[in-house]
Amino acid sequence: VADVTGVPDVQEGDDAIIYGDGSGNTLSIAEASVMAGSNKNELLCDLHYHDEIELLSITEGEMAFVVNGKKRVCQAGDIVFFSPRIPHATYNAEIPCAYTLVQFRPEHYLGDSNNTGKYFNRFVRNTELPFTVIKNRELSRLIATALSEYEHKEEAFDLLIKGVICAMIALLCREGALSSQNSAYSADIEK
C-alpha cells in the first residue's frame, strides 16, 4: 500500500487505513493536501507499486503522474485509475492541490460466485491498461461517500463501504477501465 506519511509537505487525514477483518481484507483511504510553500512539481510519492487497485480523485489543483516513463498532468475532477502492480510516481503540478486516495483488492469484494468472478478476471488480466483518467461524477460521489462513512463511523458503516466498493468496481467495468480490449494508454473516459 502506498504510504503518504513522511512525504514532504503532505498533510495526511486522520486515518489512512480504514479497517481490516483479520484476513488481509483491508481498504486504504486517505485524504491529503499539498499546501502553499511547497515547490511546484515536487515529488509526492516516489516510483512504487502495490497489489491493490488505486483510485486517486483530485479534488483541488493539479497532479502529475509518471507511468512507463510518460508524464501526465491531471486536474481537479479527474479520477486516476492504476491497475495493480503498475509502477507509478506522483508529483504536485499546482499548489495547492488536494486528493482522496482509495486502494483495495477487488478479490475481497467480488467473492467466489460465478456472477462476480468474470469481473475479477478483468483485474487480473488487465496489466495492458496500467493507467487511465476517468471523469465520472458518480464515481467521484462514491469515493466521497466511502471517506465520509469511515469518518462518521455510523452503525454498519463497514457494510455500506463494501457496497460502495462493489459499485466502484461496476462503474470501472462500465467505463472501460477494466476492459481487456483497451490499449496501454486509453483515451480519457468522460461521463
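This is a predicted model: local features need pLDDT of at least 70, side-chain atom pairs count only at pLDDT 80 or more; totals for chains, interfaces and linings use all residues.
In what order do the four strands of the open sheet lie?

**View 1. The four strands of the open sheet lie in the order β4-β9-β6-β7.** The pairing in this sheet is antiparallel. Strands β4 (43–48) and β7 (70–75) form the edges, and each of them pairs on one side only. On average, neighbouring strands of the sheet are turned by 20° against each other, direction ignored.

**View 2. Strands β6 and β7 form a hairpin.** Strand β6 covers residues 62–67 and is joined to β7 by six bridges. The two strands run antiparallel. Val67 has Lys70 in β7 opposite to it. Two residues separate the strands of the hairpin, and Asn68 in the turn has a positive phi of about 55°.

**View 3. Strand β6 also pairs with strand β9 in the antiparallel sense.** Strand β9 consists of residues 88–92, and five bridges connect β9 with β6. In this pair, Val66 stands opposite Ala89 in β9.

**View 4. A salt bridge links Asp51 and Arg85.** The closest N and O atoms of Asp51 and Arg85 are 2.9 Å apart. Asp51 is found in the loop between β4 and β5 (53–60), while Arg85 is found in the loop between β8 (79–82) and β9, so the pair ties together parts that are 34 residues apart in sequence. The structure holds three salt bridges, including this one.

**View 5. Helices α3 and α4 come within 9 Å of each other, axis to axis.** Two packed helices are described by the distance between their axes and by the angle between those axes. Helix α3 spans residues 137–152 and helix α4 spans residues 157–175; their axes cross at roughly 160°. The two helices are therefore roughly antiparallel to each other. The crossing of α3 past α4 is left-handed.

**View 6. Side by side, residues of α3 meet residues of α4.** From α3, the residues in contact are Glu138, Leu139, Leu142, Ile143, Thr145, Ala146, Glu149 and Tyr150. From α4, they are Phe157, Leu160, Ile161, Val164, Ala167, Met168, Leu171 and Leu172. The residues of this contact divide into 13 nonpolar, one polar and two charged.

How values were computed: Residues are numbered from 1 along each chain as its sequence is written. Side-chain values use heavy atoms; hydrogens and water are left out. Axes are lines fitted to C-alpha atoms, for helices over the stretch in contact, and angles run from 0 to 180 degrees between N-to-C directions. Angles under 35 degrees count as roughly parallel, over 145 as roughly antiparallel, 65 to 115 as roughly perpendicular and the rest as oblique. A crossing is left-handed if the near helix is turned anticlockwise from the far one by less than a right angle, and right-handed if clockwise. Contact means heavy atoms within 4.5 Å. Ala, Val, Leu, Ile, Met, Phe, Trp, Tyr, Cys and Pro count as nonpolar, Asp, Glu, Lys and Arg as charged, and the others, Gly among them, as polar. Two strands pair if DSSP finds at least two bridges between them. A salt bridge is a side-chain nitrogen of Lys or Arg within 4 Å of a carboxyl oxygen of Asp or Glu.
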